[in-house]
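Biologist: I am new to this structure and would be grateful for a close look at one part of it. Please begin with the surroundings of a ligand and continue from there in one connected account.

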Amino acid sequence: MDSDPIWDDAHDTTGTEPIWKKSRRVREGQVEINAVLATGTATDPDVTSDETTTITVDGQSITLEPSSTVLDGVAEADTNESVPALCSYQKDDRIGPRSACRTCMVESDEYGLIPSCSFPAREGMDIQTDTPTASETRDVNLDLVLGGHNLLCTTCGKNGRCELQEVSIENEVEHPRYGVVHDNEELEPIDESSPFIQIDRNKCILCNRCVEACNDVQVAGVLRMEGQAGDMRIGFQNGAETMMGSTCISCGHCVTVCPTGALVEQNLVEAATLPVPGFTHSNSVGKTMGEEYTSRPRRMTPMYTEEHTEAEPKIDEQTDSIWQYSDNE
Amino acid sequence: MAEDGSIGEGPIIRVSTSGKNRIRGREVLHAAREPTASIPIVEVGPTGIRELEPLILATYQGETAFYPQCSLMRVRDLVVALDDGSLPTKGAMAVTEHDPDTATLPTPDEGTFALGHRRVLDRSGWVVPANTHDYVASEDFLAATAADRADEWLSTLQDVSLRGRGRGDGACDTPVVDAWSTVQTVRDERESEPVVVVNANEADPNAEMDRLLLESNPLAVLDAALAVARIIGATNLLVYLNENEDLARDRVNEAAAELTNKVGADIPIEAIAGPNEYKAGEMTMAIEALEGNHRLEARLRPPFPTEEGLYGRPTLIHTPRTLAQIRSLFANGGDTIGTGSDPGTRLVTVVGDIETPLTLELPTDETLSVVKQAVDLDGRPKAACVGGVFGGVTRSLDVPIHMNALTAANLGTNGVVELFGQNRCMLSVVGNRASFAEKENCGRCFPCRGGTQQLASMLRDIYDGAFDAEKIRELLGTMRRSSICQFGQDAQRPVATAMNEFESEFRAHAEGYCPNDVCIQT
Ligand code: SF4
Ligand code: SF4
Ligand code: SF4
Ligand code: FES
């Protein structure tokens, strides 16, 4: 197969589709389907190594197979300092690295401070986890993650099985320097519309694992990233406001990969919370979306069959371009 | 009209405006065409000095008179006089003598035109944009000989070590030849087809440099781009524009069609407009937009776009500014000016507390203080922000404008110098930038999304008396060191530099007053 089938007709300008209308690139090993997956996330290059490499981490020499990142080496070594690498997902290579949290920064001799989760392992790299800059950067970034989080573990369905909680304990975070989100006014309503999955965006760390699980692994094309800057959140590709309005097939994969209490199985929502009478996770936030679910749950949301996506390219079709230009000459 | 271009020996009237003053320019153009006269009247691009627009250049027998902000009545009179065989000079800001058929703007020796050195702007405001006759009036298309001279040019580039210009360039501040050779290596190793992207989507309204080049001499940019594409063996050339810049877009489309006609259509040139958003100019977000994503965020790196870019192909991204330097280097047979470590010139748009922004071209060994001669500022400027929205704040303009000096002074290289008068409040200046960053980032990484939020809120807290310089500095360092893309890496710079230079002003706000009575009225 040609390495890049999209471009087979790149030389034939008459009657070909403009470059920006071609479908997105399909990564190796990824299922190729006809549906448009509009995940709203960037198509990252392959950030792993091409060949077997040997790197040094805190003085220990580690040999890594091809397709490795520096984090693979860090994980294998007995490091001088803990490297949270919060947003990375080491279990399934079709998920991540998203490289959003930047709590995996380490010092390298040649490239300076690098995000270990998404930096290709290169022969001879010398990595240190415990330089003052590396520790400070990881530390500040972890606090930045917590600064956008509703840290109310006692009512959270992931209490005791939450990666953010685990990492924070391990790194002895006591008072995150930027605080946490505790003001109810600032909280988003909890999406209670689905009988299977509860979404609490106030706990989401935007690690993108759910979006990848839903699109790249399940090929269900339900979840996406939407918005920019502070408004960025997980949303639905069909533009629905609630999970029940989405095309979810309730496979549960997104919940399995979610590192926080942002996605929780409905029947486990209260499993780990402290038994305070009348105090639940939903009323701790105070606002919910979606009706109380009364009829018998079905496997799919009613929207499932509808093929609809809201995701339009950023560049509109009216764009002037020279093939239009040369047409009328 | 002017199918043959404007370069020749006969009398001619040129009307020069930028996209910003186009409406006024068209009025003047129409007025000029009202009298029945046989002399050509052509519309040319901007010169970079916007306060003169619409600028009339009346040329007769090797003499050109400059009439700034020309009225409709005057232009009619000029046309009639010129048609009668005389060049009126009354009321002209300058009159210059030159070769009757010169292909470059005959600039006056005095005033703003005399500042700096117009090397890439040599034809801006003089040639009819996108007109190939004018373009080849004194030299041939680079693209026409690119294939034969590839080796020669590559070694020139190697010797000269020209650096990329502008935040959207794939080789920003680094030698362009390195980017070219990476693309060539990847092409050979993976047998893939390279792409050249001209990144002209600079949504910072103050950064006029790329727009100026595309509006005034689009062929120079596209010709260089096509030459580069041929040298590195690219199969596609994309020009990525800003959706709001209609004039630049029209001229690029026209120039692309002309260029294809003249030097061949082996590499299709497509002009595509992206969103008018600051972040959309970042090199990987440009690629995301070109690939048709509905939401823009930065891609991880390394590998950089030169290795894996548009649709996974090796992608060379240059701004019009870089391409103009490349053209000027090759057109001058490899000769260049400026410092050895960062040769050539830089385009600098001067904005801020002045009436009209203007763009100068300065050799890289000149210092920024030249800009003070170009503008009318009440007294000495208090400070300047150098390098665009996320540039660095400085009290001194005594900094040479090459990369090493700018970086050493913690200033930006993105070519905008914003001057601040004595009564500006520096906290509010950088506070506004922090909140711009807080709203406009792509949202992908925490040091930038969370960092700008916390930064903006810590700056707001100063007004409530809480100023913790150490805590702010710690955050700024993390943003700079660990953000994915240049947006977050640079977003901290205005605050970092302003805090160094004006810490007492920050403290004053914490104590409840604004030394300039700007944000807290006393
Ligand atoms: S449960 Fe729904 S949203 Fe989650 S991965 Fe499956 S289909 Fe996607
Ligand atoms: S919902 Fe969970 S998995 Fe999805 S982005 Fe948020 S934290 Fe990550
Ligand atoms: S630095 Fe800012 S703009 Fe760049 S990837 Fe991170 S969040 Fe996005
Ligand atoms: S683990 Fe590397 S950025 Fe989150």
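Modeller: Around ligand 2 there are 13 residues, of which Cys204(A), Cys207(A), Asn208(A), Cys210(A) and Cys258(A) come nearest; a residue counts as near if one of its heavy atoms lies within 4 Å of the molecule or strand concerned. The model is a predicted one, in which local features need pLDDT of at least 70 and side-chain atom pairs count only at pLDDT 80 or more, while totals for chains, interfaces and linings use all residues. Residues are numbered from 1 along each chain as its sequence is written, chains are lettered from A and ligands numbered from 1 in the order in which they are written, and side-chain values use heavy atoms, leaving out hydrogens and water.

By class, the shell of ligand 2 holds 10 nonpolar residues, two polar and one charged. Here Ala, Val, Leu, Ile, Met, Phe, Trp, Tyr, Cys and Pro count as nonpolar, Asp, Glu, Lys and Arg as charged, and the others, Gly among them, as polar.

Ligand 1 has residues of chain A around it, including Cys214(A), Cys248(A), Cys251(A) and Cys254(A). Its shell comprises 10 nonpolar and two polar residues, with no charged ones.

For ligand 3, the surroundings are in chain B: the closest of its 13 residues are Cys442(B), Cys445(B), Cys448(B), Cys485(B) and Gly488(B). Eight of the shell residues are nonpolar, four polar and one charged.

Chain B also contains an open, mixed sheet of five strands in the order β11-β10-β14-β12-β13. Its edges are β11 (358-363) and β13 (392-394), each pairing on one side only. Helices (H or I, at least four residues) and strands (E, at least two) are DSSP runs numbered from the N terminus, and two strands pair if DSSP finds at least two bridges between them. Neighbouring strands of this sheet are turned against each other by 25 degrees on average, direction ignored. Axes are lines fitted to C-alpha atoms, for helices over the stretch in contact, and angles run from 0 to 180 degrees between N-to-C directions.

Strand β12 (residues 383-386) of chain B runs antiparallel to β13(B), joined by three bridges, and Ala384(B) stands opposite Thr394(B). Across β12, β13 and β14 (416-420) of chain B lies helix α13 (residues 426-440), at about 145 degrees to β14(B); contact means heavy atoms within 4.5 Å.
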